[in-house]
Amino acid sequence: MLRGNKELWWALGVGILITAVYGAVVFFTREIPAAGELFGHGLGIIGFIMMLMTEVLYSMRKRTRNARWGRMSSWLQFHIFTGLIGPFMVLFHSSWKFNGLAGAVTLLTIIIVFSGVVGRYIYTRIPRTTDGLEIEGSVSEASLRQARQLMALWHTVHIPIGMALFISAFIHIGAALYYSTFLK
Ligand code: HEM
Ligand code: HEM
């Protein structure tokens with residue numbers, strides 16, 4: 001079971017910290033950090049690594065079903081934390097220009113985060129153990145079935161969006177590095 005909102009508070013705190021650092025950089029350099037220069041580029045790389053961790057780690061833990069690797073609920077909390085902070089850093093990387101493919105990657109990133117928030121809401125409507133297993137009989141059968149159906153529908157939407165996002169992100173990274181880093 002996901003108890004409390006610890007991961008959301010952590011994400012809020014770290015988000016405020018990143019905003020403060022970004023604000024300080026804008027204040028002292030008197031310009032918006034460019035996506036291809038040290039600070040903006042660094043935000044893109046670290047943010048993207050966090051997004052990759054979000055995509056891969058929780059699914060790996062879910063499939064091992066091995067409690068030695070830590071609780072499923074903790075992995076989901078970590079998934080939500082990196083799933084919020086990674087995209088937030090990548091947004092600062094964009095330098096607020098959303099043209100072409102990079103713009104589409106940003107849009108897909110925003111969509112997956114919103115979809116994740118909706119998924120978290122549905123997920124918490126199904127009572128579970130700390131290892132994510134559903135607990136039978138604690139809510140009415142009808143509302144449990146409805147939440148399960150919603151969760152299944154949500155998975156069929158969320159997972160392809162994630163895949164489209166990573167395919168387009170890899171193309172953006174390849175093209176951006178080729179044209180603006182190596183050809184400079
Ligand atoms: C999901 C992750 C990412 C998103 C949503 C994203 C989005 C963007 C956006 C919106 C821009 C601005 C485009 C413009 O100037 O019109 C940009 C530029 C750029 N991005 Fe990313 N980015 C991501 C990850 C990365 C990563 C991981 C790298 C490097 C390894 C990278 C390298 C670059 C570079 C070098 C530029 C500058 C291109 C130029 O100056 O023309 N991006 N990105
Ligand atoms: C970069 C952003 C994100 C990516 C790439 C991503 C990707 C994924 C993937 C691939 C799954 C399927 C896991 C599986 O069943 O194997 C998943 C599940 C889930 N994600 Fe995310 N996610 C992101 C952000 C978020 C955010 C921000 C939240 C919540 C605020 C969230 C909440 C959830 C929940 C509740 C599940 C369902 C867990 C389950 O059914 O076991 N995600 N996500």
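Mentor: Let us begin with the classes: Ala, Val, Leu, Ile, Met, Phe, Trp, Tyr, Cys and Pro count as nonpolar, Asp, Glu, Lys and Arg as charged, and the others, Gly among them, as polar. In this predicted model, the shell around ligand 2 then has 11 nonpolar, 10 polar and three charged residues.

Trainee: How many residues surround ligand 2, and which are the closest?

Mentor: Ligand 2 is surrounded by 24 residues, and the closest are Ser59, Gly83, Gly116, Arg120 and Tyr123. The elements that contribute two or more residues to this shell are helix 2 (38-64), helix 3 (72-93), helix 4 and helix 5 (141-182).

Trainee: And how does the shell around ligand 1 divide by class?

Mentor: The shell around ligand 1 divides into 12 nonpolar, 13 polar and one charged residue. There are 26 residues around ligand 1, the closest being Ala35, Gly36, Ser94, Ala102 and Ala176. Two or more residues each come from helix 2, helix 3, helix 4 and helix 5, and the largest share, seven residues, belongs to helix 5.

Trainee: How should I read the length of a helix such as helix 3, and is helix 3 largely enclosed or open?

Mentor: The general idea is to compare the end-to-end span with the value expected at 1.5 Å a residue, taken over one less than the number of residues. Helix 3, with 22 residues, reaches 31 Å from its first C-alpha to its last, which is close to the expected 32 Å. Because 17 of its 22 residues are buried, helix 3 is largely enclosed by the rest of the structure. Just after helix 3, Ser95 takes a positive phi of about 55 degrees.

Trainee: Is Thr106 buried or exposed?

Mentor: The count to apply is that of other C-beta atoms within 10 Å, where 20 or more make a residue buried. Thr106, which is found in helix 4 (residues 100-123), is buried because 22 other C-beta atoms lie within 10 Å. Leaving out residues up to four places away in sequence, Thr106 touches Ser94 and Phe98, while its C-alpha atom is separated by 9.9 Å from that of Ser168, which lies 62 residues apart along the chain.

Trainee: What does the chain look like when taken as a whole?

Mentor: The chain holds five helices and zero strands, and its C-alpha trace spans about 60 × 30 × 30 Å along the principal axes. Of its 184 residues, 20% count as buried. Among contacts with a separation of 6 or more, 76% join residues 24 or more positions apart.

Notes:
Residues are numbered from 1 along each chain as its sequence is written. Chains are lettered from A and ligands numbered from 1 in the order in which they are written. This is a predicted model: local features need pLDDT of at least 70, side-chain atom pairs count only at pLDDT 80 or more; totals for chains, interfaces and linings use all residues. Helices (H or I, at least four residues) and strands (E, at least two) are DSSP runs, numbered from the N terminus. A residue is buried if 20 or more other C-beta atoms lie within 10 Å of its own, exposed if 12 or fewer, and partly exposed in between; C-beta atoms are placed from the backbone. Two residues are in contact if their C-beta atoms, placed from the backbone, lie within 7 Å. A residue is near a molecule or strand if its C-beta atom, placed from the backbone, lies within 6 Å of it.
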